[in-house]
Amino acid sequence: PDGTTFYSSGHPPTGGNIGVARSTNMGIDWETIALAGQVDFHSMAISRANPSILYGYHGNRLYKSTNGGEMWRVVAASNLSSAHGLAPDPQDENALWAASGSGLFYSSDGGNSFQLASFPGAIVSTVAIDPHSPTHLFAWVIGQGLLRSDDKGAKWQLIGSGLQVGDRDAVGHIAIDPADPNRLYAATISASIYKSLDRGESWQLVKR
C-alpha cells in the first residue's frame, strides 16, 4: 500500500523455492527475508487495512505473517482446500477472500476458517477487491468468465467485453488502481495483459 515496498515468492528457473523476498525500492533490489527454500507462494496478498499482515498459500497450507513478512505461521484455514488467489478486505484486517478450485470462499477470522460464498464447485482462478469499497468484487470463473459483484458477493453479473481468453487460458490476476477504481488491469496465465477504464465492462489488450 505504500507504493514502494513489494513482496515476492516463487521459484527460479534453476529450481528451489525462493521463500519470501522483499524490496523496499519499488522492485529494484530484493532480499529474501523468510522461509528460504521452504515455500514458493503462488498466491500471496498484503492487507491494506493492516500492511503488517501478509498471506501466502503453499502445499495446501495457508501461511500468515503479522510483522511484515519477517515471521510466518500456518493457520488452520478450515474448509479451504486450495487457493489460486487471495484478497484481503481493505478495511477489515480479519476479512479475507480466497479463489479456489471449488468456489469462492470467505473468512472473517483472519484465515482460521472459511465458508463457501459463491460459485460452488467451480474453479475460480482469481479474486480482487476494490481498495475503495470492500463490497465491490471481481472474480474469474472457469467456464463463465469475468464477473463483478457490487454487494459483497450476494449477486454477480457477467462483464468483460474485449477479454479474449481462450479455453486453455484464464485470468490469473486482477489489479485495481488505488487512485482510480474505474481502472483495472488483468493478466492471463499465458501472460497477456488487458486494461479496463470502466470497472471491467470493456477491455483493451496492452500486451500479448
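Hi everyone, let's start with one arginine: R148 is buried, at 6% relative accessibility, where buried means under 20% relative accessible area, exposed over 50% and partly exposed in between, with a 1.4 Å probe and protein chains only. A word on the source: this is a predicted model, where local features need pLDDT of at least 70, side-chain atom pairs count only at pLDDT 80 or more, and totals for chains, interfaces and linings use all residues. Residues are numbered from 1 along each chain as its sequence is written, and side-chain values use heavy atoms, leaving out hydrogens and water.

So who is the partner of R148 in a salt bridge? That is D150, with the closest N and O atoms 3.6 Å apart; a salt bridge here is a side-chain nitrogen of Lys or Arg within 4 Å of a carboxyl oxygen of Asp or Glu. D150 is partly exposed, at 33%. D150 also forms a salt bridge with R199, at 2.9 Å between the closest N and O atoms. This second pair links distant parts of the chain, 49 residues apart. R199 is buried, at 18%.

Now to a sheet. It is open, with four strands in the order β12-β13-β14-β15 and antiparallel pairing. Strands are DSSP runs (E, at least two residues), numbered from the N terminus, and two of them pair if DSSP finds at least two bridges between them. β12 and β13 pair over five bridges, with T126 opposite W140 in β13.

Thanks, everyone!
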